[in-house]
Amino acid sequence: MRLQMRTYQAWGLLAGGLLMTLWAACQVGAASRQVDFNTQIRPILNGKCLSCHGGVKANGGLNLMYRDAALRGGDSGEPAILPGDPAAGTLMDRVLHDDPELRMPYEQPPLSEEEIDLLRRWIAQGAAWDTHWAYKTPEEPAVPASDWGENEIDAFVAAAWDGTGLRPNPEADRATLLRRLSLDLTGLPPSPAAVAAFVADRRPDAYARLVDSLLASPHYGERRAARWLDLARYADSKGYEKDPHRDSWPYRDWVIRAFNADMPFDTFTLKQLAGDLLPNPSRDELVATSFLRQAMTNTEGGTDDEEFRVAAVIDRVNTVWTVWQGTTMECVQCHDHPYDPFPQETYYQAFAFLDQTQDNDLFADYPLLDFWTGADSLAVEEALTWLAEHHPASEIDTQALQHERVRQALRPRYEPRDADDFSQVIIYPDGAAANWRNNLQSESDQPFFLLYQDIDFDEVAGLTFRYAATGGEGSLEFRLDQPDGPLLHSHVCAPTGRIRSNEGGGGEEWKSVTIDLPPQSGAHDLYVVLRNRTGNIPDGIVVLESFTLHRPRQAPSPQVVAWQDSLRRLREQAVRVPYLKARTSHNRRVTRRFERGNWLSPSDTIRPGVPEVLPGLPADAPDNRLGFAQWLVSPGNPLTARVMVNRLWEDLFGRGLVETAEDLGTQGFLPSHPELLDWLAWSLAHRHRWHLKPMLRELVMSATYRQSSEVDPAQYALDPENRLLARGVRFRLPAETIRDQALAVSGLLSPELLGPSVMPPQPEGIWKVVYSGAQWKTSEGKDRYRRALYTYWRRTSPYPSFVAFDAPSREFCVPRRIRTNTPLQALVTLNDPVYTEAATALARRMMAQPGLPAERLAYGYELALLAAPGDSSRQALQGLYEEALAHYVADSTAAITLTGADSTEAQVPELAAYTLAANALLNMDAFLTRQ
């Protein structure tokens, strides 16, 4: 017994020794493992430290955002971190302190033992900081070896399954695959005939041919544009309380055409941000700049136009950084970024790039690009051709853009809206201008506009202008070459009676004045400066209607005047698109940093620039918007390509490789497949030269994309959210696609592309416009059934069924729609007039089929879901139809109300019963879901 006990004791000592040895070995191993700053230390600092010691505030003078600041320490003068010695700095001392009043995080739970150990080991290893992954320029990663898949994408996806027990799903059946592909690439469902053809096509490249045909479809551009317009804040109204109309649709059409033409994304970027600064910009390039002009304009009375001009530039800064950089730069307007390495100065460096445009929160949205289509465009060209031949004094440049030739053809008469530049003046929709802002005290802030540029003064004897004024204290100064240049003439404007308000109106009593100008030689610019001699707005307001230069040898004939009058009438009928126009060199703004983001507290002057953490501007980039745009798509920029391919991935897979598509910064989600993200970003910029169609083709050709979305319970348990993509993805369709699909399967959808926005049916009482007589006038004919993309978008009351399905108001840039699931959505698809009308049209298609009700119902099912119904679905539809038919035979009034049929129409109860069955089909989960 004693021997046995000793044996047990010996074994116990041996076992204990082994455990101690193993434990010690583990500790040594843990201590020797390198701590990764980005994945292990940064989350601790961001989550527990930076709210008090970061970009917003640095309590005790300690800022842990940057390494040099952390090593320097705070107000105590002691370093917070001494690399290599965890016990020497104040950071670990405060983290480990026993006194809750001194322990950090302050008034928060203490760090866990694991977090403390990570911090200690990190400091011992040298406290190395690392650049956040998204701020490193992507390089082409090595493609993992894989025996599964169709291309490199699949190799990266399969590599993530190693050790997880996951295995890929088989490819989806052909009908499902075609529906998925068609919805993803065009936003429209395929027809049953297209499905049958694809199912029967056994050529090895059948799928590739299908992909190519869908990418070549004109509806591809519509699908891509629908996504882009959320980013662009596109709307048919100006926003804020009054929210009046804006002619934005030419910009939307430009986006559609650009995507259909597969315009490279770098070119797409340059044209939208700086198309007006390109050499000899075309009309399309000017229209493209309406991207930045989609910012809201506040036309409410009593608002400060400069305040809301600044608000528009702030919106542009936030939008550009969101769309191209996936960065929450809006956090930096008021202070340094709380978590990312962007000091406040970087915000105003971007602001400085975007601050030099002529738009100024004017009611009329000037500058505007006159835009004619159809017969009006032909009539304009006819007038221009005649005037070019018979009115040589107009000096029409036949190579100029149409709107510029119109301006030239109307010479020698000019309107203020024709000014090449302006400052501190209001320009009205009819082209007149006024100095409602002329109570400014600074000499440099006096209202003016550049009326004539490069005018040959050898031919000028004087000019005539028409004005209306109040108060008698307003005056005009005509100056040469710049606003403070030589004074040519000064005129005090006597009161004339009624004038319009700063919001618009009209009905002035115009006074015509003719003045002589002193002789000048050569070409010069002519500036008109408006002054109010008392500085009080009521005392000296002047409204200017027109100016006419006197060129005695070039006086227009009566015929010329008649053609010019015709051209002016056509000008008033033009679509007027807001576009960007740079200020002239004499009129550049000085950009200042705003203290705490308040525009009323300007601080130090800021020059244009980019953040230090990112590569600098290209060597040959100009110091303006064009240079900024070139930087965004330069080879060294680490974010643009990543952001764009992440957006494409989200469109196809329901979730981006970085789920927080709006934030690739340190507070955003980590990539689920970081090497794949970098490979895709590198491929877009280098292999595909920024072309999106081949990039999308590569994505949809992958086996990952083609997998069935059927769920295996065992596989589901391993990855319930399908982040590793071992099965196909299901998600609810976006609002626009749900509507378009309902119209398509019912046979109502109009295939027409482009053109002005339309007003399809919506419930009564949605549009109540207080400030004008604007009404929602339901479109007639085929316009009633245009794609959702063309629906009129009023920011204060967006189309209600879109809102129910998570569409934004587009007051601001929205990079990602968050899908919701609410009862209101079911009420929309059951009761909204668009869906009930679609259900009735689908019912008529079913009734047009020969056969019994069961066969007609099956046909309707196949139209909607592209598959034959199973037994349970057949029985459910048959039962619903029979129950509904009995109800509507007994109540024909209800049948007429539901279907909108004429009371003399035959088989109205049957139509109503089929309508109810069709309505059920349009509400099925399989119909509303992309599988």
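**Close-up views of a predicted chain**

**Figure 1. The whole chain, with its confidence.** The mean pLDDT of the chain is 90, and 95% of its residues reach 70 or more; pLDDT is the predictor's confidence in each residue, from 0 to 100. Residues 1–30 are a stretch to read with care: their pLDDT is below 50, and beyond near neighbours in sequence the stretch has 1 contact in the model, a contact being heavy atoms within 4.5 Å. This is a predicted model, in which local features need pLDDT of at least 70 and side-chain atom pairs count only at pLDDT 80 or more, while totals for chains, interfaces and linings use all residues. Residues are numbered from 1 along each chain as its sequence is written, and side-chain values use heavy atoms, with hydrogens and water left out. The chain holds 34 helices and 17 strands; these are DSSP runs numbered from the N terminus, helices being H or I of at least four residues and strands E of at least two. Along its principal axes, the C-alpha trace spans about 130 × 90 × 50 Å. Of the 931 residues, 55% count as buried (buried is under 20% relative accessible area, exposed over 50%, partly exposed in between, with a 1.4 Å probe and protein chains only). Among contacts between residues at least 6 apart in sequence, 72% join residues at least 24 apart.

**Figure 2. His-391 in the loop between helices H17 and H18.** Helix H17 covers 374–390 and helix H18 covers 402–409. His-391 is buried, at 3% relative accessible area. Leaving aside residues up to four places away in sequence, His-391 touches Ala-409, Arg-411, Pro-412, Pro-556, Val-560 and Gln-564. A polar atom of the His-391 side chain lies 3.0 Å from the backbone oxygen of Arg-411. For a sense of scale, the C-alpha atoms of His-391 and Leu-827 are separated by 63 Å, the two residues being 436 apart along the chain.

Figure 3. Look for Asn-435 in the loop between strand E5 (433–434) and strand E6 (448–456). Asn-435 is buried, with a relative accessible area of 0%.

Figure 4. Most peptide bonds are trans. Pro-105 sits in the loop between helix H4 (90–95) and helix H5 (113–124). Pro-367 belongs to the loop between helix H16 (344–354) and strand E1 (368–371).

**Figure 5. Positive phi at Asn-722 and Gln-907.** Most residues other than glycine have a negative phi. Asn-722, not a glycine, has a positive phi of about 55 degrees. Asn-722 lies in the loop between helix H25 (713–718) and strand E16 (731–732) and is buried at 7% relative accessible area. Gln-907 has a phi near 60 degrees, a positive value in a residue other than glycine. Gln-907 is found in the loop between helix H32 (892–899) and helix H33 (908–921), and at 46% relative accessibility Gln-907 counts as partly exposed.

Definitions and conventions. A polar contact is a pair of N or O atoms within 3.5 Å; within protein, one must be able to donate a hydrogen and the other to accept it, and residues adjacent in sequence count only if both atoms are side-chain atoms.
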